[in-house]
There are 2 protein chains.
Amino acid sequence: MSDYVAPITEMRFVMDELAGFPELSATVPDFAESTPDMADAILEEAAKFASGVLAPLNLLGDQQGCQLTADGVTTPAGWKEAYKAFCEAGWNGITGPVDYSGHGQPATLGLAVKEMVCSANLSFSLGPLLTGGAVDALVTCASDELKAVFLEKMVTGEWTGTMNLTEPQAGSDLALLRSRAEPQADGTYRIFGQKIFITYGDHDMTDNIVHLVLARLPDAPAGVRGISLFLVPKFLVNADGSLGARNDAHCVSIEHKLGIHASPTCVLAFGDNGGAVGYLLGEANRGLEYMFIMMNEARMGVGLQGIALGERAYQHALAYARERKQGRDAVTGEALVTIDQHPDIRRMLMLMKCRVEASRAIAYVAAGMMDRAHAHPDADERKRNLMMAEFLIPIVKGGGTEMGTEVTSLGIQIHGGMGFIEETGAAQYWRDSRITTIYEGTTGIQANDLIFRKLMRDGGATARLLFGEVTDTFKTLATIERPELQAIAQWLKAGLDTWVTSTEWLAANAKSNPAGVLAAAVSYLNLSVTVCGGWQMGRAALVAADKLAAGEGDERFYKAKIASARFYADQVLPLALAYGESVRAGNAALALVTDDMF
Amino acid sequence: MSDYVAPITEMRFVMDELAGFPELSATVPDFAESTPDMADAILEEAAKFASGVLAPLNLLGDQQGCQLTADGVTTPAGWKEAYKAFCEAGWNGITGPVDYSGHGQPATLGLAVKEMVCSANLSFSLGPLLTGGAVDALVTCASDELKAVFLEKMVTGEWTGTMNLTEPQAGSDLALLRSRAEPQADGTYRIFGQKIFITYGDHDMTDNIVHLVLARLPDAPAGVRGISLFLVPKFLVNADGSLGARNDAHCVSIEHKLGIHASPTCVLAFGDNGGAVGYLLGEANRGLEYMFIMMNEARMGVGLQGIALGERAYQHALAYARERKQGRDAVTGEALVTIDQHPDIRRMLMLMKCRVEASRAIAYVAAGMMDRAHAHPDADERKRNLMMAEFLIPIVKGGGTEMGTEVTSLGIQIHGGMGFIEETGAAQYWRDSRITTIYEGTTGIQANDLIFRKLMRDGGATARLLFGEVTDTFKTLATIERPELQAIAQWLKAGLDTWVTSTEWLAANAKSNPAGVLAAAVSYLNLSVTVCGGWQMGRAALVAADKLAAGEGDERFYKAKIASARFYADQVLPLALAYGESVRAGNAALALVTDDMF
């Protein structure tokens with residue numbers, strides 16, 4: 001299996017030139033110390049850790065998987081030690097709150113570190129990802145007492161966190177949730193119910209696990225407005241901070257899954273022996289609201305997983321294609337070349353490369369907006385960035401994960417028959433990727449979020465802001481007399497035109513034809529993803545052209561960036577036309593379909 | 001897991017109305033007995049066998065896999081018995097030669113039977129598929145003596161066959177093949193070499209296995225013109241037909257694969273103990289030529305696998321979507337509906353359905369052409385049908401398999417989180433599908449075959465024949481005043497226009513820009529697949545509209561057919577525009593890419 005090498009040059013390019021990282025540290029006081037130099041140092045260390053410690057465990061973790069024993073879940077060999085080293089090096093708290101021993105780095109930088117961790121070992125990355133979500137929840141809505149007991153240990157990774165939403169009958173539809181919480185005289189609650197699909201719901205890496213659990217109070221209204229959020233530790237914590245009694249929250253089985261074998265996916269039973277002790281977080285009946293606050297980060301994180309797997313699969317396929325000799329050069333007839341010389345293999349490699357780059361750029365740009373939304377000193381800037389970031393998040397999540405599945409599949413294809421053999425490692429990325437379009441909201445749910453929450457809530461104002469940015473980009477591209485940039489400008493304009501037309505179609509049909517809008521949602525998401533990718537690739541090409549014109553920096557890198565953007569324009573942006581047609585066809589065909597026709 | 005139900009009504013519609021099955025039996029003397037009534041009887045029996053015997057073993061076979069023991073490879077529990085029943089019922093020889101106890105049924109009918117077997121249990125189907133290929137090879141090039149010893153036993157399935165092409169250094173590029181054959185004084189040969197990826201290379205279902213092996217004679221020219229084909233039985237056969245000595249051909253390992261776990265994929269060592277006894281088939285150095293004769297059928301068979309998996313995944317997802325309750329009706333607000341009522345789930349189900357239907361129609365039509373090419377009394381008809389069938393075969397193989405991978409992925413998506421759990425069964429179809437775009441020639445190789453062999457060898461004459469057929473279809477559609485048919489006509493015309501333009505681009509660039517043509521090949525294949533699917537869906541819609549106008553037959557079925565064709569036109573045919581742009585962009589972007597840019 002090939003080694004993973006973190007694409008630091010590319011990451012820094014995207015951070016600096018597209019996401020405005022230097023300007024972030026210069027203008028946002030909270031991030032004053034996060035200078036480009038510090039970012040360099042952090043990314044280099046993270047890259048060493050990802051390549052040296054996490055990547056070598058990836059295939060092994062897939063093969064061994066997790067086991068449920070009488071003492072709980074055991075992780076694969078080496079997992080516990082790797083996790084300890086991960087926490088000791090401070091990676092768990094890279095973006096965590098400074099008040100609780102976190103490093104408080106901006107999301108833009110944190111995203112690059114997290115990408116490395118996900119590329120190296122997706123199953124491993126999920127524990128810290130869930131813990132990070134739980135930390136955000138506690139910061140948002142826990143009492144000072146609970147914060148004092150739990151937060152620092154979770155930020156440092158001494159304890160991990162979980163998110164307990166799903167129940168057998170309640171997946172995408174949390175209104176159907178049945179777990180219940182009974183108030184006790186001492187102000188605590190007893191939690192009862194069964195939760196499924198709980199990532200790292202049990203494991204042997206830490207002494208304690210902090211479960212965040214959605215449940216209903218006895219007097220709660222029906223539906224999503226009657227759900228509260230509780231903190232349920234695996235072990236109760238004594239007043240002196242030492243661990244007390246084992247709580248009534250147990251892993252009763254783990255799933256046999258298509259991928260992420262080393263990430264334990266647990267069925268957790270709460271209250272089978274009298275009730276699990278839980279503590280209410282924030283106010284009663286606002287649990288879902290608190291969850292949604294964290295949703296942006298969680299969805300960014302899952303979008304990133306698709307990108308990270310795409311990057312790893314690309315590196316793997318490239319290494320194989322550079323070694324594997326098969327066939328003559330199809331043009332020169334030169335005997336026995338490595339397969340990376342065949343036009344169709346080069347096409348697939350470039351498709352992998354440019355799609356990963358486009359998705360990464362959108363994600364990092366969105367993270368830069370989130371950083372400004374949280375911490376910019378100017379309120380208008382905060383608001384404007386929040387609107388744009390929230391618009392982009394379903395695009396990062398839906399687009400990054402669908403891309404990840406497609407790109408890891410191309411990775412297998414480049415391997416030929418060897419790609420189908422598990423020892424090669426290429427298949428694992430594809431299997432692992434397959435959950436990403438499902439968890440934290442399926443692609444269909446991302447599409448609905450994009451249309452009904454992000455696009456329509458402000459009457460299209462944020463969309464118009466983005467259309468304006470894309471327009472600026474293609475117009476600037478068109479002013480530069482390089483044929484590559486002209487081609488990119490032309491396709492970006494075509495993509496934007498169909499994005500605008502399709503957006504107008506949605507607006508016109510929202511009230512009169514909601515079934516049509518719903519049927520068109522995923523195509524609209526695909527369209528948005530494709531054009532936003534072209535926008536960022538176009539911006540990257542502009543920077544590269546400037547640098548080349550000025551004779552600055554790494555010529556090879558900037559030429560590659562222009563080639564990649566041109567490839568995206570020629571080979572990916574035309575899909576926008578098809579997606580636009582698909583949107584505007586609405587449900588004309590589906591309307592003919594009755595249940596008995598399936 | 002849902003049961004598999006063979007889609008007999010749909011199969012008969014495609015056979016009768018699109019592939020001209022009744023006319024085949026009426027005009028081709030060889031198939032005079034293959035009447036529609038007989039086809040009904042055969043398909044009903046095959047459906048019972050597939051659903052009742054093979055389908056229940058599918059998940060179990062995936063979980064158990066095969067084992068290599070000291071005595072050779074063992075198949076999963078129930079495999080041996082199912083194979084015995086399969087052969088006893090005569091399914092192994094359904095299209096086999098009548099002279100050797102085959103049933104001599106047309107490929108069109110055989111394809112429907114094989115689709116059922118593949119849908120029910122892909123791993124199981126591979127043994128008979130490979131045996132069938134070996135039978136075709138023996139019919140083509142074996143001596144009468146060898147035929148007398150081996151053919152009947154292989155046609156009935158008493159012995160299975162294998163195809164030994166690949167070696168570690170020789171996959172797509174068979175010129176690199178190194179296995180060798182040493183002539184012996186008695187006219188036999190001793191075979192030496194190692195072969196990999198040998199499907200059913202060893203197993204415990206039959207007493208003997210007949211390996212067909214590509215190897216080089218001592219005086220053979222280098223490259224593909226120096227490869228000969230040998231028959232190497234696992235056990236030598238005595239003059240009286242009884243089994244003799246164990247031959248020096250042994251399975252030394254089996255692969256741990258992403259899918260088709262129950263199909264043993266073997267590394268076979270020939271001659272480790274002095275040489276495996278082999279018999280030359282046909283003339284020396286013509287081995288690859290004989291293999292190519294069988295290639296058409298083999299590629300049809302693999303394209304069919306994609307279709308069969310797509311069908312099974314569709315049935316599975318539909319059954320789940322009809323049971324799973326989640327969410328309110330998005331339009332009426334009605335509480336808690338089954339998810340098949342949600343527009344995005346309906347969109348995915350229809351996309352699965354129409355894509356499977358389109359691919360199936362192309363495959364069955366191509367099989368009908370093959371039947372005429374082999375057995376039509378008129379030489380011109382034979383020739384015309386052969387040209388068209390050969391043009392369509394890379395479209396069936398490349399298109400059917402890529403579709404299969406995409407459609408089985410949609411099947412997982414419809415299941416949500418449950419799709420990622422192996423016990424659900426949805427993931428297996430996706431895993432199993434992933435080999436189909438690779439073996440028997442990758443999608444890239446299909447694309448090259450389409451362009452360099454099928455399109456260009458006759459200067460585009462066959463392509464123009466097909467363009468004419470598509471033109472007739474959209475023109476006829478346009479004459480019928482139903483809005484659905486008008487919409488189909490419009491998109492079919494648009495798809496054809498871009499197919500024609502892209503074909504002209506290829507012709508114009510073939511000599512001046514071969515790297516551009518090679519880079520465009522897979523996009524051209526995708527374009528051809530998309531338009532050919534629209535052509536067949538358009539033809540189907542025409543038949544359905546006629547039947548509805550005449551008040552004949554099953555109204556529900558014909559209305560569903562029109563809805564499905566309309567959905568394909570709205571949601572799939574627009575992709576042709578993007579593929580066309582991608583073709584005509586050629587290698588403009590790739591030409592900018594140097595090796596150091598990856």
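Two residues are taken to be in contact if their C-beta atoms, placed from the backbone, lie within 7 Å. On that basis, in this predicted model, residues 24 or more positions apart account for 75% of the contacts in chain A with a separation of 6 or more. The secondary structure of chain A comprises 18 helices and twelve strands. The radius of gyration of chain A is 24 Å, close to the 25 Å that the globule rule gives for 598 residues, so chain A is as compact as a globular protein of that length. Its C-alpha trace spans about 80 × 60 × 55 Å along the principal axes, and 61% of the 598 residues of chain A count as buried.

The axes of helix 7 (residues 122-141) and helix 9 (residues 287-323) of chain A come within 9 Å and cross at roughly 160°. Because angles over 145 degrees count as roughly antiparallel, helix 7 of chain A is roughly antiparallel to helix 9 of chain A. The crossing of these two helices is right-handed. On the side of helix 7 of chain A, the contact is made by A:Leu122, A:Leu129, A:Gly133, A:Asp136, A:Ala137, A:Thr140 and A:Cys141. Facing them from helix 9 of chain A are A:Tyr290, A:Ile293, A:Met294, A:Glu297, A:Ala298, A:Gly301, A:Gln305 and A:Leu309. By class, the residues of this contact divide into nine nonpolar, four polar and two charged.

A:Glu406 is found in helix 11 (residues 379-415) of chain A. Although A:Glu406 and A:Gly306 are 100 residues apart in sequence, their C-alpha atoms are 9.6 Å apart in space.

Turning to the partner chain, the contact between the two chains takes 71 residues from chain B and 72 residues from chain A. On the chain B side, at least two residues each are supplied by helix 10 (343-375), helix 11 (379-415), helix 16 (514-550), helix 17 (555-571) and helix 18 (575-585). Helix 17 of chain B gives the most to this side, with eight residues. The side of chain B that touches chain A has 36 nonpolar, 18 polar and 17 charged residues.

Terms used: Residues are numbered from 1 along each chain as its sequence is written. Chains are lettered from A and ligands numbered from 1 in the order in which they are written. This is a predicted model: local features need pLDDT of at least 70, side-chain atom pairs count only at pLDDT 80 or more; totals for chains, interfaces and linings use all residues. Axes are lines fitted to C-alpha atoms, for helices over the stretch in contact, and angles run from 0 to 180 degrees between N-to-C directions. Helices (H or I, at least four residues) and strands (E, at least two) are DSSP runs, numbered from the N terminus. Angles under 35 degrees count as roughly parallel, over 145 as roughly antiparallel, 65 to 115 as roughly perpendicular and the rest as oblique. A crossing is left-handed if the near helix is turned anticlockwise from the far one by less than a right angle, and right-handed if clockwise. Ala, Val, Leu, Ile, Met, Phe, Trp, Tyr, Cys and Pro count as nonpolar, Asp, Glu, Lys and Arg as charged, and the others, Gly among them, as polar. The radius of gyration is taken over C-alpha atoms; the globule rule is 2.2 Å times the number of residues to the power 0.38. A residue is buried if 20 or more other C-beta atoms lie within 10 Å of its own, exposed if 12 or fewer, and partly exposed in between; C-beta atoms are placed from the backbone.
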